[in-house]
Amino acid sequence: MNKLRKICTFVVAVCLLACSLMFCNPSHISASAAANADLTITSAADLIAFSQRVNAGENFTGKRVAQTADIDLNGVPFTPIGLYGKGNYFYGVYDGQGHTIAGLNISNACGTSNNGLFGHLGGTIINLGLINGNVSGSCCGSFASHAASSQAMIINCFSTLTLNCSRTGGIADNFIGSIINCLYYHSTQSYAVVGYHVASLYHSFAQKPLPQSFKGFTQEYQLLSGAPTEKTIDALSDYRTTIFTKISLPEGTKLYGWELKNGEVSFSNHTIDESSARIYVYLKKNLAVICFLAIAGLCFAFVCIGVLIEKKEGKERE
């Protein structure tokens, strides 16, 4: 009896220790419902001012910029954020939060021929749609011409911009970072997601195959044929939690799903927040710990049953 009690006590102690390490470590729990933004973009004037700050040398490293409304740039001259080759680039996180920028119009008049919303991107763009605009130049992409860092990422974004460039990528041109869960779709133009190269490409859509120059890693690159009218493509339907296994986003970040339906692209009401996805990812990464806890729990149950049986047999012997 004493031996069984010691075993039972040991099993309980191990289970409690494992649970405390797994679930009570604050580094694995989202501290807030939403990540605080260091800068909010609510208007065309805000976006232009932000571009000017980056081009003047403010790189926003470790900071989050949040767009809180749809922005219309029609008729407003715009200079790419982080002009290509100038040395002043954005290294923070630009979170569109499921909003769009309409009427983006960039040409060689901006001072460089390698153009996009961002010229040279060192940080991350997420949850942003670009619609009803025009980008022209030499080497162009809707969101960026080039990446200034291998850590640069474009995530969960879509573009329907008209692109008129010598070498063109629907999302980016020559990008040494990662493009994840993005779409380029146009009713009359046909471009691949990248014009030349991207280091890593995951679960993205366009109407043209990747260029022969492409030598990076790709997973689930899907071609669109014409204007899909029967099947809706939902950005998060099959890929919602996988994104969080590949990247690290600020606590509280939410993914805003886009969808392509009947030839129209827009953000849907389909979302997933970072905290629930992080729990999923953490459990997936710690499968061994979970299995151990399950086995320990079974052992504990068997020990308890053994104790009860022994007690019952002892009473019967009496």
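This is a predicted model: local features need pLDDT of at least 70, side-chain atom pairs count only at pLDDT 80 or more; totals for chains, interfaces and linings use all residues.
Helix H2 runs through residues 44–55, which makes 12 residues. From its first C-alpha to its last it reaches 17 Å, close to the 16 Å expected at 1.5 Å a residue. Its buried residues are Ala-44, Leu-47, Phe-50, Ser-51 and Val-54. These cover an arc of only 125 degrees around the axis, so they sit on the same side of H2. The face turned away from that buried side carries the exposed residues Ala-45 and Gln-52.

What do the buried residues of H2 pack against? Their partners are five strands: S1 (39–41), S2 (64–67), S3 (71–72), S4 (93–102) and S6 (118–121). Just after the helix, Gly-57 takes a positive phi of about 120 degrees.

Now to the rings. The whole structure holds 10 aromatic pairs. In one of them, Phe-60 and Phe-90, the ring centres are 5.9 Å apart and the planes stand at 50 degrees, so the pair is tilted. Phe-60 lies in the loop between H2 and S2, and Phe-90 in the loop between S3 and S4; the pair therefore ties together parts that are 30 residues apart in sequence. Phe-60 is buried, with a relative accessible area of 4%, and Phe-90 counts as buried at 0%.

Another tilted pair is formed by Phe-158 and Phe-267, with 5.0 Å from centre to centre and 55 degrees between the planes. Because Phe-158 lies in strand S11 and Phe-267 in strand S19, this pair ties together parts 109 residues apart in sequence. Both Phe-158 and Phe-267 are buried.

Back at H2, its buried residue Phe-50 belongs to a cluster in which ring pairs also link Phe-60, Phe-90, Tyr-94 and Phe-118.

Technical notes. Residues are numbered from 1 along each chain as its sequence is written. Side-chain values use heavy atoms; hydrogens and water are left out. Helices (H or I, at least four residues) and strands (E, at least two) are DSSP runs, numbered from the N terminus. The expected span of a helix is 1.5 Å times one less than its number of residues. Buried means under 20% relative accessible area, exposed over 50%, partly exposed in between (1.4 Å probe, protein chains only). The arc is that of the directions from the helix axis to the C-beta atoms. Contact means heavy atoms within 4.5 Å. Rings of Phe, Tyr and Trp (its six-membered ring) pair if their centres lie within 6.5 Å; planes under 30 degrees apart count as stacked, over 60 as edge-to-face and the rest as tilted.
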